[in-house]
Amino acid sequence: MKRKYILLAALVVLTLVGTLACQKSTGSNNNGQKSIVVTYPVLGSVVKELVGDKATVNVSVPNGLDPHEWAPSAKDIEAINKADLVVQNGLGLEGGLEKTLKAARDRGVLFFTASDHITVCRVGSGEGIPSGNPDQVIGAEDPHLWTDPVAMKSIVSALASQLKLGLGIDVDTQSQDLQVRLENLNKEISDQVTHLPLDNRNLVTGHESMGYFAQRYGFKLVGAIIPGISTQAEVSAADLAALKKLIENNHVKAIFAELGTSTAVAKAIGNETGAKVVELPTHSLPKDGSYFSFERNLAKIIIDALQ
Ligand SMILES: [Zn+2]
């Protein structure tokens with residue numbers, strides 16, 4: 001008798017699991033809404049503003065973690081495989097997610113790659129520290145497109161088109177509104193930068209993350225503690241010695257430490273060169289989760305530190 005009940009219970013559980021698995025096999029959620037997965041939080045914030053309540057938007061990399069190295073759990077992989085659309089950065093930003101994204105693409109998941117819709121910044125000659133890192137060779141493509149609101153504007157416009165064509169979601173009104181706000185943000189930052197003396201517009205960062213910002217607002221990229229466009233590159237003693245010289249020669253006022261920057265190394269370089277060390281959140285959203293606050297904050301910290 002007892003055994004019969006156990007068997008019955010096991011059957012019920014199995015049936016339930018089977019039903020749940022079937023319900024989850026489509027990307028659309030219970031409200032019948034399409035599901036969009038964005039790989040990292042800063043881009044996720046803009047996509048959420050664009051889409052509003054017209055689809056469910058989830059972000060893979062948790063805010064505050066390094067998108068260059070973050071690797072997904074089985075649950076994260078499942079969410080990507082079942083999405084109606086995956087929005088990724090491209091240009092190698094999502095280092096730890098690359099295999100998962102490729103597999104999902106091979107399975108036929110619809111993708112939007114943000115970097116396909118902008119003018120890609122490349123490592124320029126005489127920029128940063130010449131090193132043996134493959135991602136710091138001249139011409140290497142920089143993935144940090146989100147530091148430029150004008151690039152984000154192009155991405156919003158292209159994504160709105162794909163949402164309409166691929167998923168039948170019309171966000172034209174939100175897209176126009178968002179593009180106007182991004183343009184206003186760009187003007188606001190441009191105006192603020194004019195108050196910063198030309199000779200002070202020198203950037204030294206944790207890794208080469210501010211290429212788009214520098215190009216947009218007329219800053220010189222002097223160098224980075226990790227001389228590469230990923231936090232994953234190696235640093236040598238020769239690189240650090242070269243960086244110290246560049247900081248001194250360019251009278252650099254501040255070193256901007258980021259996610260993945262060794263605080264000890266940043267402080268040591270600061271002590272030896274007289275440059276102050278300032279935290280710059282280049283890859284994470286502020287508390288309010290807004291891209292606009294993120295970008296304003298970035299500009300404010302830089303301008304204040306270099307006055
Ligand atoms: Zn980075």
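Modeller: Let's go through the metal site, then the strands and helices.

Modeller: Keep in mind that this is a predicted model.

Colleague: Fine. Which atoms coordinate the zinc ion?

Modeller: The zinc ion is held by the NE2 atoms of His 68, His 144, His 207 and His 283, at 1.9 to 2.1 Å. Along the chain, these donors are spaced as H-x75-H-x62-H-x75-H. His 68 sits in the loop between strand 2 (56-59) and helix 3 (74-81), while His 207 belongs to strand 5, so this pair ties together parts that are 139 residues apart in sequence.

Colleague: What is the geometry of the site of the zinc ion?

Modeller: General idea: four tetrahedral donors would ideally show angles of 109.5 degrees. Here the angles among the four donor atoms are 107 to 113°, and the site is tetrahedral.

Colleague: Are His 68 and His 207 buried or exposed?

Modeller: Both are buried. Have a look at Gly 228 too, in the loop between strand 6 and helix 8. Gly 228 has 0% relative accessibility, so it counts as buried, the cut-off being under 20%.

Colleague: On to sheets. In what order do the four strands of the open sheet come?

Modeller: In general, strands pair through backbone hydrogen bonds, either parallel or antiparallel. In this open sheet the order is 6-5-7-8, with parallel pairing. Strand 6 (220-226) and strand 8 (276-279) are the edges; each has a single partner strand, so one side of each lacks a neighbour in the sheet. Neighbouring strands are turned by 30° against each other on average, ignoring direction.

Colleague: How many bridges pair strand 5 with strand 6?

Modeller: Five, in the parallel sense. Within that pairing, Leu 203 stands opposite Leu 221. As for helices, helix 8 (residues 237-249) lies across strands 5, 6 and 7, running at about 150° to strand 6. Helix 10 (residues 291-306) touches strand 5, strand 7 and strand 8, and its direction makes about 155° with that of strand 7.

Colleague: And which residues of strand 1 lie on each side?

Modeller: Side chains in a regular strand alternate between the two faces of the sheet. In strand 1 (residues 35-38), Ser 35 and Val 37 are on one side, Ile 36 and Val 38 on the other, and all are buried. Strand 1 pairs in parallel with strand 2 over four bridges, and three bridges join it to strand 3 (residues 85-88), also parallel. Strand 1, helix 2 (residues 41-51) and strand 2 make a right-handed β-α-β unit.

Terms used. Residues are numbered from 1 along each chain as its sequence is written. This is a predicted model: local features need pLDDT of at least 70, side-chain atom pairs count only at pLDDT 80 or more; totals for chains, interfaces and linings use all residues. Side-chain values use heavy atoms; hydrogens and water are left out. Two strands pair if DSSP finds at least two bridges between them. Helices (H or I, at least four residues) and strands (E, at least two) are DSSP runs, numbered from the N terminus. Axes are lines fitted to C-alpha atoms, for helices over the stretch in contact, and angles run from 0 to 180 degrees between N-to-C directions. Contact means heavy atoms within 4.5 Å. Donors are N, O and S atoms within 2.8 Å of the metal (3.2 Å for Na, K and Ca); water is not among the atoms, so sites may look incomplete. Four donors count as tetrahedral if all angles lie between 85 and 135 degrees; four count as square planar and six as octahedral if opposite donors are over 155 degrees apart and all others between 65 and 115; anything else is irregular. Buried means under 20% relative accessible area, exposed over 50%, partly exposed in between (1.4 Å probe, protein chains only). A crossover is right-handed if, with the strands pointing away from the viewer, the path from the first strand over the helix to the second runs clockwise.
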